[in-house]
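Open your viewer, colour the chain any way you like, and follow along.

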Amino acid sequence: MCASQEATFLLLATACIQARKNYQLWDDKLKKYIDDLKDPGPSGKPYSARYIGSLVGDFHRTLLYGGIYGYPRDKKSKNGKLRLLYECAPMSFIAEQAGGKGSDGHQRILDIQPVEIHQRVPLYIGSQEEVEKLEKYLV
C-alpha cells in the first residue's frame, strides 16, 4: 500500500494503485478491481499509486505514462463529484484524441446527454485497455 492514505482519487499507471481513503465507500465491484491490481499478474509487477490531487495534473501524468485515472462514485457521492460538462467531457475528448478512453464505468463520457449544467458523473479516463478492463469489472 502507498504511504499516502489521503487519496480520494484512483490513478493507475503502469505499476500503479492508489491509497484508498474512501475504499470502504466504494462499490464492491470497484473494490475487486482495485484488489486484483495488487496481484503482479504476468508482468510480475503489481500496480502502485501516483496522484497529485488535481484532475488536470493527474490526467496529464496519465497521458505521459499511461494507465488510468478515476474518480469513482461512492456511498456519499452517488453520482461522483466531477462535473460532466466542464471537467469530464473535456478530459475525455483529449483522452480519445490521444487514443485513450473516458467512461463513467458503463458508458462513454462523450455519449452522456447532460440533464443539468452542473451534472456530476463518475470518471475513469486513460488507456483504452485499462478503462475497458475496469468496465468489465463494473458490469
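Start by selecting Tyr69, Leu82, Cys88, Ile109, Leu123 and Ile125: they have the most contacts inside the largest nonpolar core, which has 15 residues. A nonpolar core is a set of buried Ala, Val, Leu, Ile, Met, Phe, Trp, Tyr and Cys residues joined through side-chain atoms within 4.5 Å; buried means under 20% relative accessible area, with a 1.4 Å probe and protein chains only. Now show helix H2 (55-65), strand S2 (68-71), H3 and strand S6 (123-127), each of which supplies at least two residues of this core. H3 gives the largest share, five residues.

This is a predicted model, in which local features need pLDDT of at least 70 and side-chain atom pairs count only at pLDDT 80 or more, while totals for chains, interfaces and linings use all residues. Residues are numbered from 1 along each chain as its sequence is written, and side-chain values use heavy atoms, leaving out hydrogens and water.

Next, click Leu84, in helix H3 (residues 84-97). Is Leu84 buried or exposed? Leu84 counts as buried because its relative accessibility is 2%. Leaving aside residues up to four places away in sequence, Leu84 touches several residues, including Ile109 and Val121 (contact means heavy atoms within 4.5 Å).

Finally, zoom out to the protein chain, with four helices and six strands. These are DSSP runs, numbered from the N terminus: helices are H or I with at least four residues, strands are E with at least two. From the N terminus, their order is β-α-α-β-β-α-β-β-β-α. Of the 139 residues in the protein chain, 46% are buried.

Terms used: Buried < 20%, exposed > 50% of the residue type's maximum accessible area, 1.4 Å probe, protein only.
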